[in-house]
Amino acid sequence: MISYGKQFIDQTDIDTVVEVLKGNWLTQGPKVEEFEHVLKNKFGAKYCCAVANGTAALHLAALALGWKPGDIVITSPITFLATVNSIVYAGATPDFVDIDPVSYTIDANQVEEKIKVYQSKGKNVKAVIGVDYAGHPCDWEALRSIADRYKIQLVNDNSHALGACYKGAHNYATKYANAVIQSFHPVKHITTGEGGAILTNDSRIDEKIRLLRTHGMTSNSNIMDKHDGQWYYEMVDLGYNYRITDFQCALGISQLDKLGNFIDRRKKIAQNYNEAFINDDRFIVPFVNSNVNHAYHLYPLQVRFDKTSVSRIQLFDEMMKINIKLQVHYIPVHLQPYYRKKFGFNENNFPIAEKFYLNEISLPVFFELSEKEISSLIERIDRILINKM
Ligand SMILES: *Cc1c(COP(=O)(O)O)cnc(C)c1O
């Protein structure tokens, strides 16, 4: 079965993991630091902390940024649940701003409008989480300018966009945002099985995250109240076990070497899809702003189902018959029962996101997807989606 995403593991990956398994350190060893080192070099960040998964990365970033009950944090409804859940983990209140209908990322103008509305009610917005949806960077310059003017923190949920570029900068994520989240789940650009990281240029954020990654424990005598001896540690904050293992980090280091090739392949696949669908009025292909380099975690194709006599359910069923499992990214988060019940969101709150959801299908994009599979998939979609008479 072909799904929308899949990892690629080669013999070098396997060998480096086996090497670590034979050694002394399965966890809390040197591979973790080495992985953090290569990540921060690759993405031009001053600090990097690797953790158990992307969700843990979001959670720790939220805590390190000091989000607490009463704080309002804004994000996009077109994202994975974890982005929004992290706001709730910290006890803060999530709100959304609709997406830009062209880039599918958070609409910066509406962000400012929303901040002003809150201000007029005497409430302050604490932070904005921008999501580089599908691999297309948000309008980070506009978001940074808003963040500076209104004294708001910026987080980049960069889980879709490793290897993307914005205004010529490969280090754009940490350049504009106070904290950047990566995920290394197998569907993402590089994988460690489960894994994540927080990148930042702010040493205080990094220090706090490191503390919270391991139970809020420290044996650093600069922080501790006293020092009883070699064995001594203190718990100075309520932390978690969000550590990543050394063998996962070894895999990550090896995978990172291939990121360039992975991105090239993803771009090539997207180009094939673009050529097939761009001049066909049943479809809207993903837009790419001229100042960005798309990383194509996803290929979100919008289908004008109003122009075809086939529904999305029928399309999915037909594709399943030839073992292609399409996906939809995403069900707008504000429409999830939990968010409706707890925070009172409803239909029509974010109409552009909701309309996007109704038309979106995610086509498979991953390294090993073959030319033959791509062309038969394109041909099949064309045949299933019969024009309305
Ligand atoms: C994958 C993903 C996450 C969470 O990552 P995990 O590593 O699966 O916990 C968060 N945000 C977005 C946008 C994602 O795609």
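Visitor: Which atom of Gly 54 lies 2.7 Å from an oxygen atom of the ligand, one of the backbone or one of the side chain?

Guide: Please keep in mind that this is a predicted model. For a polar contact one looks for a pair of N or O atoms within 3.5 Å, and in the case of Gly 54 it is a backbone N or O atom that lies 2.7 Å from an oxygen atom of the ligand. Thr 55 uses its side chain instead, with a polar atom 2.5 Å from a ligand oxygen, while a side-chain N or O atom of Tyr 330 is 3.5 Å from an oxygen of the ligand. Taken as a whole, the protein covers 93% of the 380 Å² of accessible area that the ligand has on its own.

Visitor: How many residues surround the ligand, and which are the closest?

Guide: The ligand is surrounded by 14 residues, and the closest are Gly 54, Thr 55, Asp 157, Ser 183 and Lys 188. When the shell is sorted by residue type, it divides into nine polar, three nonpolar and two charged residues.

Visitor: Which helix gives the largest share of that shell?

Guide: That is helix α3, which spans residues 54-64 and supplies three residues of the shell.

Visitor: How many disulfides does the structure hold?

Guide: In general, a disulfide is a covalent bond between the sulfur atoms of two cysteines. This structure holds zero of them, and Cys 48 is in no disulfide, its nearest cysteine sulfur being that of Cys 49, 7.1 Å away.

Visitor: Is Thr 218 buried or exposed?

Guide: A residue is called buried when its relative accessible area is under 20%, so Thr 218, at 9%, counts as buried. Thr 218 lies in strand β9, residues 217-218, and its side chain reaches the backbone nitrogen of Asn 220 at 3.0 Å.

Visitor: Which residues does Thr 218 touch, not counting those up to four places away in sequence?

Guide: With those sequence neighbours left out, Thr 218 touches Leu 211, Ile 223, Met 224, Tyr 233, Glu 234 and Val 236.

Technical notes: Residues numbered from 1 in each chain as written. Predicted model: local features only at pLDDT ≥ 70, side-chain atom pairs only at ≥ 80, totals over all residues. Heavy atoms only, no water. Near = heavy atom within 4 Å. Polar contact = N/O pair within 3.5 Å; in protein donor to acceptor, adjacent residues only side chain to side chain. Areas by Shrake-Rupley, 256 points an atom, 1.4 Å probe, with all protein chains shown as cover. Helix = DSSP H or I, 4+ residues; strand = E, 2+ residues; numbered from the N terminus. Nonpolar A, V, L, I, M, F, W, Y, C, P; charged D, E, K, R; others polar. Disulfide = S-S within 2.5 Å. Buried < 20%, exposed > 50% of the residue type's maximum accessible area, 1.4 Å probe, protein only. Contact = heavy atoms within 4.5 Å.
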